[in-house]
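Please look at how the two chains sit against each other, and keep one question in mind while you read: through which surface do the copies meet?

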Number of protein chains: 2
Amino acid sequence: MKKQHRRNFLKKSGLVAGALSTATLVSACTESSKEKSSIAIPNILSNPTFEWRIVTTWPPNFPVLGEAVVQLSKDLEVMSAGRLKIKVYGAGELVPAFEVFDAVTQGAVQMAHGVAYYWAGKIPAAMFFGVVPFGFNAQQMNAWLYYGGGLKLWEELYAPFGLVPFPCGNTGVQMGGWFNREINSVEDFQGIKMRIPGLGGKVLAKTGGTAMNVAGGEIYTSLERGVIDATEWIGPYHDYIMGFHKVAKYYYYPGWHEPGPTLEMFVNKKAFEVLPDDIQEMIRTASAKYNMLVLSEFEAKNNLYLQKILDESNVQLKAFPSEVLNTLKKNSEEVLQEVTEADAFSKKIYESFVKFKAQINSWNNTSEKAISPYL
Amino acid sequence: MKKQHRRNFLKKSGLVAGALSTATLVSACTESSKEKSSIAIPNILSNPTFEWRIVTTWPPNFPVLGEAVVQLSKDLEVMSAGRLKIKVYGAGELVPAFEVFDAVTQGAVQMAHGVAYYWAGKIPAAMFFGVVPFGFNAQQMNAWLYYGGGLKLWEELYAPFGLVPFPCGNTGVQMGGWFNREINSVEDFQGIKMRIPGLGGKVLAKTGGTAMNVAGGEIYTSLERGVIDATEWIGPYHDYIMGFHKVAKYYYYPGWHEPGPTLEMFVNKKAFEVLPDDIQEMIRTASAKYNMLVLSEFEAKNNLYLQKILDESNVQLKAFPSEVLNTLKKNSEEVLQEVTEADAFSKKIYESFVKFKAQINSWNNTSEKAISPYL
């Protein structure tokens, strides 16, 4: 390497100290001294800057979910005093939504934000770290992840892909969906065409319906034209933005198929390990913060939009009959058994899930479930 | 100011750059270069170290609550690369539990961890930021605090005391308490002597009982000797450690008086404002992390200890009858009205609380409450 090239390389890589003359060193040091007045910016010589990219499965600036990723990145930049800068990309801006897993595995980008069940096609066990029908609600999920061994299993599952996962948000209980057919009994599911992905779709099929695969942008028209009889989406806030109340008669609850989906942030393991301890801990801590804040925002906003929907349309808000929910639950348990039996890692996680669920349900009976009717 | 004095002053204050000779500057800069190998430690000239103390209302290393404070302090030290070191003191180690508010107000220490309702004697409105009978559960409380204006009101309430509050933990739904008398109707509360502090005690009094003030260390003996007929404490994990199952016949649920108490961390405002932006954000973020983690740990552990209690004793686990809970709820509402009418700030917060509660209850009916029986 020629001297000048080497110097440029060192300059670029920030490793100037040993290579340059005292004069250059003094000038570099004075440069850095100038920055001392704003205390938060550490010496650039001792603290390399990391320029990262995060890709998400959400459209750019998607309410709550996409916004949280933007805010998370800002927090990390503030906490690291500018040493970790993360540029946020919405779905399709850099890579398509469902390719973010591979993009981070390959190291093309350092981070992603999405939901683990999106990867169930290639890693069946990933479904447990998003949500399963009649599974945990948000509070129970966090208890399992952080103090019931769930997160350790998740880390083990993602390790072969070179990824480190972090729980990073929860939508809370979703709605059951928009229907143009009344559901008074299990028989009403016969032949129903519903846009419902994943395990929920499998349960619907077992209950007599047909799970349809419709892209987000086409759901409204499909519902309007009768191509589908029903669709699920998220909750009142996001559903309102989609305008489903203009083309559906009934809005059913509760979201039996998604009682509290956890959102995930995952990081390329090699990129993570290069970070100094302080920045690693910032990522861990910030993901936990947004794990809670996203849920809080959903909780605060959903009712406001539920009321808007009811005020601005003739949609009828209806609960699934108890008989229907009991059948869906039985069918969900069968589906879960089937899919976990086909995959060793799923089976291992399912055992942890079932054991923790029995414990937390027992506690729930004397806590949340017992007080809830009186709040 | 003499030259030598001025130089010493500048050295001490870290403002060396303009004042010293080039030789000194080079040596200072080389010093700092040596530290480059351990990336996480920022230049000490540009990054002062803060040595803080946090006092708590918990005994030293108190399970979950005290342990979380220790872990929070460690996280902050790691994230700040050693620039914020916080020494943790249990109740009585530096100041008594109920004097931590004044200690931080006066600036004797920088931080504290406790529950806001402890200060209701001097600031009645503080009760809303702990918990009120039949108030919010943990999830609803967070929604109100972060996205319903609650935290802003809390900051406004603590500002005259020179404090910045942060939500920092939640016990989840507590238990209703230990009884040596069966509660089959409201009449069974007549003349009952129960250790139950705060608003819960006022509600008990309105329902015919006598609220007793018994220090933590004396509850067991008081219950054993019949000085009191009943006591509330926290939940199965902490109650088990207290050994109440050895001296009580019945363990009642749910904890109507504390459906989800928020724990608080508060910081002396002047001390907080001196911190650089990055460390301020670390404190904000870490408090949010522990706000969720503490709840998760309670959720995960309570059932294990409830089972231990039932396995190791003859205690009967019993639900308060619905008629009793409805009466306690009516009486709670009356007590809340009375105490808020007597205090302008309480009234202001009560309005925000009541409005948000109506909204979130409505959403709860279609979400958590609707799915809960089927999980």
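In this predicted model, 100% of the interface residues of chain A are interface residues in chain B as well, so the two copies meet through the same surface. The contact involves 85 residues of chain A and 86 residues of chain B, and the area buried between the two chains comes to about 7,600 Å², with carbon and sulfur atoms giving 67% of that area. On the side of chain A, the residues that lose the most area to chain B are A:Trp363, A:Tyr374 and A:Leu375, which together make up 12% of what that side buries.

How are the two copies placed relative to each other? A rotation of 180°, with 0.0 Å of shift along its axis, superposes chain A on chain B with an RMSD of 0.0 Å, and this is the relation of a two-fold axis. Within chain A, the C-alpha nearest that axis belongs to A:Lys289, at 2.4 Å from it.

A:Lys289 also takes part in the contact between the chains, for its side chain meets that of B:Glu281 in a salt bridge, with 3.1 Å from N to O. Between chain A and chain B the count is 2 salt bridges, while 24 residue pairs are in polar contact across the interface. Several helices of chain A give two or more residues to the side that touches chain B, among them H2 (22-34), H3 (65-79), H11 (277-312) and H13 (344-366), and H11(A) gives the most, with 21 residues. Sorted by class, this side of chain A has 45 nonpolar, 28 polar and 12 charged residues.

Notes:
Residues numbered from 1 in each chain as written. Chains lettered and ligands numbered in written order. Predicted model: local features only at pLDDT ≥ 70, side-chain atom pairs only at ≥ 80, totals over all residues. Heavy atoms only, no water. Least-squares fit on C-alpha atoms with pLDDT ≥ 70 in both. Contact = heavy atoms within 4.5 Å. Buried area = accessible area lost by both parts, 1.4 Å probe. Salt bridge = Lys/Arg side-chain N within 4 Å of Asp/Glu carboxyl O. Polar contact = N/O pair within 3.5 Å; in protein donor to acceptor, adjacent residues only side chain to side chain. Helix = DSSP H or I, 4+ residues; strand = E, 2+ residues; numbered from the N terminus. Nonpolar A, V, L, I, M, F, W, Y, C, P; charged D, E, K, R; others polar.
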